[in-house]
Amino acid sequence: MAETNLRASKDEMSEGFSEHLDLELEIEGERQLFPLLPGVKCPTGHTCRARNFDYKAAHIHSTAPMVNSLKQNFKTSLAASMNWEEVNSNLNEVVNSGDYCSRRNAMARAAGLMAGLSAASVSKPAYAAETKEVLMGNDSGLLVFVPAKLSICKGDTVKWINNKAGPHNVVFDEDAIPQGVDQESISMSDQLGEPGDTFSMSFSTPGTYEYYCEPHRGAGMQAVLTVA
Ligand code: CU
């Protein structure tokens with residue numbers, strides 16, 4: 001059942017691509033072509049030209065649908081120098097991967113390539129990495145981490161910000177972190193006294209990490225970080 005639906009939607013997409021049109025307009029006596037998005041019909045009262053592109057051949061080589069339309073719409077010097085093979089493989093990963101972090105990183109790499117970066121630059125692990133913020137003390141001064149549960153992708157950084165009711169710090173529970181991770185090297189030895197003070201740490205080992213604030217452990221100031 002699900003497979004039938006999938007096939008039907010793929011056929012619809014192929015048909016949509018064959019209707020990729022350019023709108024022909026006369027501007028200051030000159031005829032100019034403006035690309036329409038794939039599947040968009042020619043507006044009534046206007047002249048349009050169909051694109052000549054072998055979409056069937058493109059599908060055989062497993063071209064991500066988005067790549068076809070991008071390639072047809074980009075008429076800049078960037079498009080000429082862009083590594084389309086890399087863009088294509090990253091977009092395919094965005095569509096096909098069942099893993100959130102793989103999809104997120106592939107999307108970031110594809111966007112970087114389209115912005116003109118080289119495959120070498122966007123392939124560095126740090127390129128797709130993100131920084132997530134955790135507040136220490138909520139806005140009403142309660143002794144909590146906000147959010148108390150956070151999921152990141154391996155390679156990401158967490159930035160703790162002293163918000164209210166400090167001093168605070170971040171100390172990981174040595175019995176509740178992934179095996180092989182050194183508790184001391186990821187924990188703070190001192191405290192953040194001033195509002196706005198920060199502590200940043202990046203995480204490369206997947207797993208669950210429990211941590212607390214040393215001065216307010218007794219008040220229940222603790223949180224969980226998941227690295228996927
Ligand atoms: Cu605290």
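A residue is buried if 20 or more other C-beta atoms lie within 10 Å of its own. The legends below describe a predicted model.

**View 1. Tyr212, a buried residue of strand S10.** Tyr212 is found in strand S10. Tyr212 has 21 C-beta neighbours inside 10 Å, so Tyr212 counts as buried. Which residues does Tyr212 contact, leaving aside its neighbours within four places in sequence? They are Val171, Asp173, Arg217, Met221 and Gln222. Phe172 lies 40 residues away from Tyr212 in sequence. In space, the C-alpha atoms of Tyr212 and Phe172 are 6.4 Å apart.

**View 2. The largest nonpolar core and a second one.** The largest nonpolar core holds 22 residues. Ile152, Tyr209, Tyr211, Met221 and Leu225 touch the most other members. Leu225 is in contact with Leu150, Ile152, Val158, Tyr209 and Tyr211, once its neighbours within four places in sequence are left aside. A second, separate core has eight residues, among them Met82, Val87, Leu113 and Val122. In soluble globular proteins, nonpolar side chains tend to be buried together.

**View 3. Helix H3 against helix H5.** Two packed helices are described by the angle between their axes and the distance between the axes. For H3 (residues 65–73) and H5 (residues 84–96), the axes come within 8 Å and cross at roughly 145°. The crossing of H3 with H5 is right-handed. H3 contributes Met66, Val67 and Lys71 to the contact, while H5 contributes Trp84, Val87, Asn88 and Leu91. How do the residues of this contact divide into nonpolar, polar and charged? Five are nonpolar, one is polar and one is charged.

**View 4. The S1–S2 hairpin.** Strand S1 (residues 21–27) pairs with S2 in the antiparallel sense, over six bridges. Two residues sit between S1 and S2 in this hairpin. In the turn, Glu28 has a positive phi of about 50°. Ile27 stands opposite Glu30 in S2. Is strand S2 well covered or hardly covered? S2 (residues 30–35) is hardly covered: the count of buried residues among its six residues is zero.

**View 5. The whole protein, for orientation.** The protein has nine helices and 11 strands. Of its 228 residues, 21% are buried. Take the contacts between residues at least 6 apart in sequence: 59% of them join residues at least 24 apart.

Conventions: Residues numbered from 1 in each chain as written. Predicted model: local features only at pLDDT ≥ 70, side-chain atom pairs only at ≥ 80, totals over all residues. Helix = DSSP H or I, 4+ residues; strand = E, 2+ residues; numbered from the N terminus. Buried ≥ 20, exposed ≤ 12 C-beta atoms within 10 Å, placed from the backbone. Contact = placed C-beta atoms within 7 Å. Pairing = 2+ DSSP bridges. Axes fitted to C-alpha atoms, helices over the stretch in contact; angles between N-to-C directions. Left-handed = near helix turned anticlockwise from the far one by under 90°. Nonpolar A, V, L, I, M, F, W, Y, C, P; charged D, E, K, R; others polar. Core = buried A, V, L, I, M, F, W, Y, C linked by C-beta atoms within 7 Å.
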